[in-house]
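Trainee: I am new to this structure and would like to know what lies behind the terms used for it.
Mentor: Then ask about them in turn.

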Amino acid sequence: QVQLVESGGGLVQPGGSLRLSCTSSRNIFSINVMGWYRQAPGKQRELVAEITRGDRINYAESVKGRFTISRDFAKNTVYLQMNSLKPEDTALYYCNAATLEYAIKYDYWGQGTQVTVSS
C-alpha cells in the first residue's frame, strides 16, 4: 500500500504560478513511476507529467515548457511546478504512484488538490 497526500492547490490568476506537492508513505525510490494527472469537470482524467524511477520524464503537450515535475528522495515527495497558468489548467489534480510487484501493476492515488486559474 502507498498513501499519497497532495497539497499546494488554490486559486491563481492567469499567468501565475503554483507548486503542488505529493508526499508518499513509501520510499519513492521504490516506486516505478510517479505522476500528476488532472480532471476538469465533464472531462476525462489526463496525464499531466510523470517521472520514472530511471529518471525519464514525460509531459502532456499542453503543459510542456510551463510545468516541471521533480522529486526529493529525502522527503519522499514529488513536486509539480506550474508556471504561466491558463484558465484551461483549472482542474482537480491527482498524484499517482505506479508500482510493479511480482509482475502485477498497482496504481495508487491521492485525494486530489483543486487548482483554479481565474481572474
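**Terms and their grounds**

Mentor: Keep in mind that this is a predicted model. The largest pocket is lined by 13 residues, of which R38, K43, E46, E88 and D89 lie nearest its centre.

Trainee: How many residues of the lining of the largest pocket are nonpolar, polar and charged?

Mentor: Two are nonpolar, four polar and seven charged. Asp, Glu, Lys and Arg count as charged. The space in this pocket comes to about 160 Å³.

Trainee: What makes the radius of gyration of the chain agree with a compact globule?

Mentor: For 119 residues, a compact globule would have a value near 14 Å, and the chain has 14 Å, so the two agree. Along the principal axes, the C-alpha atoms fill a box of roughly 50 × 30 × 25 Å.

Trainee: Why is the set of 30 residues called a nonpolar core?

Mentor: Because its members are buried residues of types such as Met, Trp, Leu and Tyr, joined through side-chain atoms within 4.5 Å. Buried means under 20% relative accessible area. M34, W36, L80, M82 and Y93 have the most contacts inside this core.

Trainee: Which strand gives the most to this core?

Mentor: β9 does, with four residues. The chain has eleven strands and zero helices.

Trainee: Which residues is Y93 in contact with, leaving aside its neighbours within four places in sequence?

Mentor: Among them are E6, L20, W36, V48, F67, L80, M82 and V115. Contact here requires heavy atoms within 4.5 Å.

Terms used
Residues numbered from 1 in each chain as written. Predicted model: local features only at pLDDT ≥ 70, side-chain atom pairs only at ≥ 80, totals over all residues. Heavy atoms only, no water. Buried < 20%, exposed > 50% of the residue type's maximum accessible area, 1.4 Å probe, protein only. Helix = DSSP H or I, 4+ residues; strand = E, 2+ residues; numbered from the N terminus. 1 Å grid on protein atoms, 1.4 Å probe; cavity = no way out; pocket = protein on both sides within 12 Å on 5 of 7 lines; lining within 4 Å. Points joined across faces, edges and corners; volume = space filled by probe spheres on them. Rg over C-alpha atoms; globule rule 2.2 N^0.38 Å.
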